[in-house]
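Here is a short briefing on one protein chain. Keep the sequence and the 3D view open while you read.

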Amino acid sequence: MALSHGSLTHRLIAGHLIDGVMEPGQEIGLRIDQTLTQDATGTLVMQELEALGLDRVRTEVSVQYVDHSLLQADERNAEDHAFLHSACRRFGIWYSKPGNGVSHPTHMQRFGIPGKTLAGSDSHTCAAGSLGMLALGTGGLEVALAMAGRPLHLTMPEIWGIRLTGELPQWVSAKDVVLELLRRHGVKGAVNRILEYHGPGLAHLSAMDRHVIANMGAELGATTSVFPSDAAVRDFLRAEDREADFRELAAEPDAVYDLTDEIDLATLEPLIARPTSPGNVVPVREAAGEPIGQAVIGSSANPGLRDFAVAAAIVAGRQTDPAVSFDVNPTSREILADLTMMGATFDLIAAGARIHQAGCLGCIGMGQAPAPGRNSLRTFPRNFPGRSGTEQDAVWLCSPETAAVSALTGTITDPRAWATEQGVRYPDLRLPEQASVNRAMLEPPLPPEEAARIELERGPNISGLPDFDPLPDEVTGPVLLKCGDNVSADEISPAGAKALPYRSNIPKLAEFTFTRIDSDYPRRATDLATDGRPGAHFVIGGENYGQGSSREHAAITPRHLGLRAVIAKSYARIHWQNLTNFGVLPLEFADRGDYDRIEVGDRLRLENLRTALAPGADPHLRLHNTTKNETYQVRHRLSDGRPRTALAGGTIAALAREEPPEGTGADIPATSADPGDLTHDGG
């Protein structure tokens, strides 16, 4: 198979490449132009900036959004917001106030620029690929290092060209496009791949339609998704008073991809993901008739004005089923304003909708939790078990059309069948050409001399970064947990209104670790402690361990409880990175059959780690099961300086032993490639 060339992705990477070779499987370092943090991850990022000794961010633009933990049932979320505000003023970061909007669509509206790189401490940062950006979700510490001027390192992915043809039929929308990809390929289908969309079908997809598709590339396991910057992007930026930021970007006409796929949009039908995985996709008609208790419109996966307006048009003049809670989660204050000026907000309210503040909210389990066992239809990106805030939830993922029609009928309903039965035409939307741009809730960075005088505002719920000890030469301990395939970061460190307010209080948050899989894990880990020091132990994982959220808490809290190594069949990219950054050794079975030979309670031993992780050493290690008197071969995929990082106990500890990192005292060298060279006149 020939290596890909001429793709837009390759040109974006080449324009920001600092080190490495652009061959799949090789590690590369990229210059980062912009960063994005949100409040569920940002408090740790700001503490990491402090630990790095940063005076001021070195990126072109860095923005902190407050969009996840908006419920203020007590003082803890408000404390974090105050801390984040002070940190933005201290380090030269834009601050988006609570209620301004979800980070991804709001960043797209106000800061997204074709051809730029964006690193975000949120796995759905990839949504900005809809504007022709190279947008990468990653762990918070990786973002902090990028803010300090260091390159972002990742494994060069394969480029997967997805050719779109045709035009979506009525009652089918962009959500069904990405659900079709999930139906075909599952949640692991795009691991270590970048999805690049091209073809004549793009002409019928708006920039916000593309946002829906790019956003949920994370659910396929993709490194990111990339769309060209074309007339649709120009229209979007013009509507946001930013047409000057437009540049045309596309693949070369003869581009070759490592892998290819094709979707004829005209052949798609309404699709839905059953509980409890985004990859469990079936046609809506196959699930029709299932009673529902909730339908929710919004989230970063369906954040556009069209997504809300089409739902409003469907329910206008009608009333939702009395057994259904119809919730509307505006994704930005701008979109709520535009909906209101269109009259669509009235249509939603009159039909029985509950209007919530602009933010993630229900998507992260911060409110709108459904009743146990009652089906909840959501236009969200994820339906992992318990993520909604209800332990025994039943969350389905679908388009706004399917959610709105089902809210009217009280059962899962194919909108095409409903339209035929009721004699309803597909809504002919008249969206405003100009958005109601409001920059008032975005606070710009302070001038450097004023910022230097700002003190960070820490409430009692902000515990500070944990100080982890180095990895010993020998690790011995029990297996405290054995997981199956596709365990998500939400199952390791839960989201939701109970746990997330403790995101800045690691000892308290650790009490929730793995409780969705084994409620007794925190107690058993704590019982291993001696003399106040956590007891070393192991976790065994299946395929795609740590999928989903970028929250580094899923690495930090088990590490706080004594986890020293995970042995899994394979890892999700961001979680693998987070484990390494916080001194947990991510190992893989050389023989996946050995997974079946290890049980909870077995005592394992890794020895001679300093020799095994030395530069140039064989990446294979011997794992001894002293309970069964067996030995297994495992391997690490730590390249360049990562073994040193693991031995030091994590990235912060490793950096503390070096000279000040580049970007904290001196800028990194500029690369010779100019992003302006990416402009291409092709379609």
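Strand S6 (residues 117–120) pairs with S7 in the parallel sense, over four bridges. The model is predicted. The points below cover its sheets, a helix pair, salt bridges and some backbone details.

**The six-stranded sheet**

- S6 and S7 belong to an open sheet of six strands, in the order S7-S6-S3-S4-S5-S20. The pairing in this sheet is mixed.
- Strand S7 (134–137) and strand S20 (442–443) are the edges. Each of these two pairs on one side only.
- Helix H2 (residues 39–51) packs on the sheet and touches strand S3 (34–38) and strand S4 (61–65). The direction of H2 makes about 115 degrees with that of S3.
- Helix H5 (residues 140–147) lies across S3, S4 and S6. H5 runs at about 140 degrees to S3.

- Strand S22 (residues 537–541) and S23 run parallel, joined by five bridges.
- His537 stands opposite Leu563 in S23.
- Strand S23 (residues 563–568) is mostly covered. Six of its six residues are buried.
- In a regular strand, side chains alternate between the two faces of the sheet.

**Helix pair H10 and H11**

- Helix H10 (residues 305–315) packs against helix H11 (residues 333–342) at an angle of about 35 degrees. Their axes are 10 Å apart.
- The crossing of H10 past H11 is right-handed.
- H10 contributes Leu305, Phe308 and Ala309 to the contact. From H11 come Ile335, Asp338, Leu339 and Met342.
- By class, the contact residues of H10 and H11 are six nonpolar, no polar and one charged.

**Salt bridges**

- How many salt bridges does a search of the whole structure find? The count is 47.
- Asp80 and Arg503 form one of them, with the closest N and O atoms 3.2 Å apart. This pair links distant parts of the chain, 423 residues apart. Asp80 sits in helix H3 (residues 76–91). Arg503 sits in the loop between helix H16 (489–492) and helix H17 (506–509). Both Asp80 and Arg503 are buried.
- Glu180 bridges to Arg183, with the closest N and O atoms 2.7 Å apart. Both lie in helix H6 (residues 174–185), three residues apart, about one turn of the helix.
- Is Glu180 buried or exposed? Glu180 counts as buried because its relative accessibility is 7%, under the 20% cut-off. Arg183, at 42%, counts as partly exposed.
- Arg637 and Glu588 meet through their side chains in a salt bridge of 2.9 Å, N to O. This pair also links distant parts of the chain, 49 residues apart. Arg637 is in the loop between strand S27 (630–635) and helix H22 (642–648). Glu588 is in strand S24 (residues 585–589).
- Arg637 has 44% relative accessibility, so it counts as partly exposed. Glu588 is buried, with a relative accessible area of 11%.

**Backbone details**

- Most residues other than glycine have a negative phi, and most peptide bonds are trans.
- The peptide bond from Pro275 to Thr276 is cis, with omega near 5 degrees. Thr276 is in the loop between strand S13 (271–273) and strand S14 (281–283).
- Asn544 is not a glycine, yet has a positive phi of about 55 degrees. Asn544 is in the loop between S22 and helix H19 (553–560). Its relative accessibility is 4%, so Asn544 counts as buried.
- Asn608 is not a glycine either, and has a positive phi of about 55 degrees. Asn608 lies in the loop between strand S25 (603–606) and helix H21 (609–612). At 45% relative accessibility, Asn608 counts as partly exposed.

Conventions: Residues numbered from 1 in each chain as written. Predicted model: local features only at pLDDT ≥ 70, side-chain atom pairs only at ≥ 80, totals over all residues. Heavy atoms only, no water. Axes fitted to C-alpha atoms, helices over the stretch in contact; angles between N-to-C directions. Left-handed = near helix turned anticlockwise from the far one by under 90°. Contact = heavy atoms within 4.5 Å. Nonpolar A, V, L, I, M, F, W, Y, C, P; charged D, E, K, R; others polar. Salt bridge = Lys/Arg side-chain N within 4 Å of Asp/Glu carboxyl O. Buried < 20%, exposed > 50% of the residue type's maximum accessible area, 1.4 Å probe, protein only. Pairing = 2+ DSSP bridges.
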